[in-house]
Amino acid sequence: MLALHRALAFVAVFLALGGTIWAVHDWLRRGAIHPRLMTFTIAMSAVIGLQALFGILLAVMGNRPADGATHFVVGPLTLFVLPVARRAIAGRPERHAAATLAVAWFVLLLLTLRAVGSGGALGG
């Protein structure tokens, strides 16, 4: 299960990179959020949720990340970034909503990178 958690972590990083690029593109070029990006945002929240479930199961089974203190803070933060952003953009002007979502995706990218590092996946 540890291998699955680590593999899904790298998938999450690459998906977060893709989502960040897409969201920034929508903000700068379109000035609005593409409906498929919103679908992707919801799907990414599900991926992060699945990742969290694996992490919780690993912790219950006694596995600990390389930097537990950081990982147990950064990991859960990834769960909230996109849902909070989706809630924050409701009813906002399109350009403002697109900018907010782009920032949220970038924050998610940073958090996933930090979670991978603190989890020990980069160190072996």
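Arg114 has a relative accessible area of 39% and is partly exposed (buried is under 20%, exposed over 50%, partly exposed in between; 1.4 Å probe, protein chains only). The model is predicted: local features need pLDDT of at least 70, side-chain atom pairs count only at pLDDT 80 or more, and totals for chains, interfaces and linings use all residues. Residues are numbered from 1 along each chain as its sequence is written, and side-chain values use heavy atoms, with hydrogens and water left out.

The side chain of Arg114 meets that of Asp67 in a salt bridge (3.9 Å, N to O). A salt bridge is a side-chain nitrogen of Lys or Arg within 4 Å of a carboxyl oxygen of Asp or Glu. Arg114 belongs to helix α4 and Asp67 to the loop between α2 and α3, so the pair ties together parts 47 residues apart in sequence. Asp67 is partly exposed, at 28% relative accessibility. The structure holds 1 salt bridge.

Helix α1 spans residues 2-30. Helices are DSSP runs (H or I, at least four residues), numbered from the N terminus. The 29 residues of α1 reach 40 Å from first C-alpha to last, close to the expected 42 Å (1.5 Å times one less than the number of residues). Buried residues of α1 include His5, Leu8, Ala12, Ala16 and Ala23. The buried residues of α1 pack against α2 (35-60), α3 (68-89) and α4 (94-119), with contact meaning heavy atoms within 4.5 Å. Just after α1, Gly31 takes a positive phi of about 75°.

How values were computed
Helices (H or I, at least four residues) and strands (E, at least two) are DSSP runs, numbered from the N terminus.
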